[in-house]
Amino acid sequence: MIIDFSEGTPMKMDGLEASTVLLPNGSKAMKLKAFPGFDWIKTVQPKIPGCPPSCPVTHIGFIISGQMSCKFDDGTIECYKAGESYYVRPGHIPTIDEECVAIEFSPEAHKQAEKLSEANEE
């Protein structure tokens, strides 16, 4: 089966675009495109009631192009580049170093995206 993200549910925010597709087994896949300057604290955090100062979600995915970094609450920084798979634990702030396209298969991330879509509609 080829996953066609062009038929997914779109979401757009300042510096971030996403499309989520429901797979036959009931799970979801999300294609993300993030742009340099994307600011999680200004763009995402205010739209999620009770959200802590860093992302509380686990992300599992693959970088198709570009790169991103995550700074974790403990001060460590990890960089993920094109061609790499990633597991990002909760308690991070993403930084987009250059335009980045990724595919995620994280159930938590999809729930978060749904909350953001709802918040964008309000």
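Student: Leaving aside neighbours within four places in sequence, which residues is Ser54 in contact with?
Tutor: Trp40, Asp73, Gly91, His92 and Ile93. Contact means heavy atoms within 4.5 Å. A caution on sources: this is a predicted model, where local features need pLDDT of at least 70 and side-chain atom pairs count only at pLDDT 80 or more, while totals for chains, interfaces and linings use all residues. Residues are numbered from 1 along each chain as its sequence is written, and side-chain values use heavy atoms, with hydrogens and water left out.

Student: Why is Ser54 called buried?
Tutor: Its relative accessibility is 5%. Buried means under 20% relative accessible area, exposed over 50%, and partly exposed in between (1.4 Å probe, protein chains only). So Ser54 counts as buried.

Student: What makes the link between the side chains of Ser54 and Asp73 a polar contact?
Tutor: The distance is 2.9 Å. The cut-off is a pair of N or O atoms within 3.5 Å; within protein, one must be able to donate a hydrogen and the other to accept it, and residues adjacent in sequence count only if both atoms are side-chain atoms.

Student: Where is Ser54 found?
Tutor: In the loop between helix H1 (40-43) and strand E4 (59-72). Helices (H or I, at least four residues) and strands (E, at least two) are DSSP runs, numbered from the N terminus. The chain has two helices and seven strands, in the order β-β-β-α-β-β-β-β-α.

Student: What makes a set of residues a nonpolar core?
Tutor: They are buried Ala, Val, Leu, Ile, Met, Phe, Trp, Tyr and Cys residues joined through side-chain atoms within 4.5 Å. The largest one here has 24 residues, and Leu16, Ile63, Met68, Tyr80 and Tyr86 have the most contacts inside it. E4 gives the largest share, four residues. A second, separate core of five residues includes Phe5, Val21, Leu23 and Ile103.

Student: Why is Phe105 called partly exposed?
Tutor: Its relative accessible area is 45%, so it falls in the range between buried and exposed. Phe105 is found in the loop between E7 and helix H2 (107-121).

Student: Which residues form a nonpolar patch on the surface?
Tutor: Met1, Ile3 and Phe105, with about 330 Å² of accessible area together (Shrake-Rupley method, 1.4 Å probe; for residues, only the protein chains shown count as cover). Like charges are joined within 9 Å, and nonpolar side chains (Val, Leu, Ile, Met, Phe, Trp, Tyr) within 5 Å.

Conventions
Patch = residues over 30% accessible without salt bridge, like charges linked within 9 Å, V, L, I, M, F, W, Y side chains within 5 Å. Salt bridge = Lys/Arg side-chain N within 4 Å of Asp/Glu carboxyl O.
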